[in-house]
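I opened this entry to look up a few backbone and surface details. My notes follow in the order I checked them.

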Amino acid sequence: MKKERSSFTSRIGFVLAAAGSAVGLGNLWRFPYLAAKYGGGTFLLVYIILAITFGFTLMIAEIAIGRKTRLSCIGAYCALDKRFGFLGWLASLVPVIITPYYCVIGGWVMKYLAEFLTGNGLETASDSYFGSFTAVSLPGILGTPVTWFVIYVLINATVVLFGVEKGIEKVSRVMMPVLVILSIIIAGYSLTIPGAIDGLKYYLLPRMEDFSIYTVLAAMGQLFYSMSLAMGIMITYGSYMQKDNMLEHSVTQIEVFDTGFAIIAGMMIIPAMVAFSGGDTSLVRESAGAGLMFGVLPKVFESMLFGNVIGTVFFLLVLLAALTSSISLMETIVSIIVDKAKIGRKPAAILVTIGVLLLGMLSCLGYGPLAAIAPLGMAFLDFFDFISNSIMMPIVAFLTCILVGHIIGPKMVIDEVETSGTFRRKKLFVVMVRWIAPVMLLMILATEILKFFGVITV
């Protein structure tokens, strides 16, 4: 007898879990940097337009595939067309690669939160602190990133062990509203800093002279990564979605939640950093990736009144955002193992936890004891990020568009959406999935490859 598949108990439970997956570290440290670098309000306008077209198309296709097949990504692609069974395996490799290094970064966030909670947060503002921490050269068991990485992984594993309804859905129902409240508090406080209004104007007001093809490429890339696409997550969560939930309406809510949170994240960071730099936006532009969150922002908090308190709230917010995403990543791998190996959730979760701990140690120690080993000239964490985000994800999404748009046809997705309500953006979806999205995805892939070889600088 076939075991009934787990499912979310309500539409809001599904939306909060899927939005939680989409809202992650990319919203909090990548989006503000890109928005500042590529024209502030101009980037924001382009991003919103792409969210309701490009992002919508990819997300609704993946969720519909999951809900129709009731399978994780390997089985789902095979059920649609056996010739595309390889695509399910390729998609399943993405969370396998991402989850370990994402948990390493989550451990870094926990370390910084602990420092701010204990009143030592402003010490993290020194130029050497982050480098010393990631190089495993700080003293004590709490000074090593390994400790925080292990703790972070075990928190994820605990939630996943409890399952879809009792674990992921319950945690998402608590964490997502808290995320919204904390982000609004910090954004509101940032705007009270003298000079922050100039930063807000730069961030919100479009200027056509800032528009370029690089603005579009940057917004497209950020949107693609931000919405948890092409890594099996939305297919997995779609397979847990009840058939009577309105699919298009749910996807729209996820879009609004994810995009809204990204906008608020920019309001938290860009005005404060522009004020901190005396009106110069170049500081944010030059502080990409880890440098923004772990290097520059502690200096901003140090300059603030009640900086230790604000830093504590901020890193708590970042931790919750990171957890909602890494939980979905781990759940995707567990779901694949449960479906393919025909074993229970608990043994699958334990196996995944062990695998994440082992593989994650490469990224955890990659800036310290293992720094001499540099695949493609990169530290392990950067290498895994490049392979998964820049190469595999655009390929998976492109081939998904080919499958849905030209092999099985858009009608499969349309019929699945219309089983639970109207499909208002049906014509947009067909045009996007067949013609426009594949071209955009090839542009993303080409841009990332050219950047790697130094042909272009974006």
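I went to Val136 and placed this residue in the loop between α6 (129-134) and α7 (145-161). The model is predicted. I read a positive phi of about 60 degrees for Val136, although this residue is not a glycine. Most residues other than glycine have a negative phi, so I noted the angle.

Next I looked up Ser228. I found Ser228 in the loop between α10 (213-226) and α11 (233-239). The phi of Ser228 is positive, about 60 degrees, and Ser228 is not a glycine. Ser228 counts as buried because its relative accessibility is 4%, and the cut-off for buried is under 20%.

Then I turned to Thr57. Thr57 sits in helix α3, which covers residues 41-69. I got a relative accessible area of 0%, so I logged Thr57 as buried. Which residues does Thr57 touch, leaving aside those up to four places away in sequence? I listed Phe429, Met432 and Val433.

Last, I checked the surface for nonpolar side chains. Leu376, Ile449, Leu450, Phe452, Phe453 and Val455 form a nonpolar patch there. Together they have about 550 Å² of accessible area. I followed up one of them, Phe452. Phe452 belongs to helix α19, residues 426-452. I recorded Phe452 as partly exposed because its relative accessible area is 30%.

Definitions and conventions:
Residues numbered from 1 in each chain as written. Predicted model: local features only at pLDDT ≥ 70, side-chain atom pairs only at ≥ 80, totals over all residues. Heavy atoms only, no water. Patch = residues over 30% accessible without salt bridge, like charges linked within 9 Å, V, L, I, M, F, W, Y side chains within 5 Å. Areas by Shrake-Rupley, 256 points an atom, 1.4 Å probe, with all protein chains shown as cover. Salt bridge = Lys/Arg side-chain N within 4 Å of Asp/Glu carboxyl O. Helix = DSSP H or I, 4+ residues; strand = E, 2+ residues; numbered from the N terminus. Buried < 20%, exposed > 50% of the residue type's maximum accessible area, 1.4 Å probe, protein only. Contact = heavy atoms within 4.5 Å.
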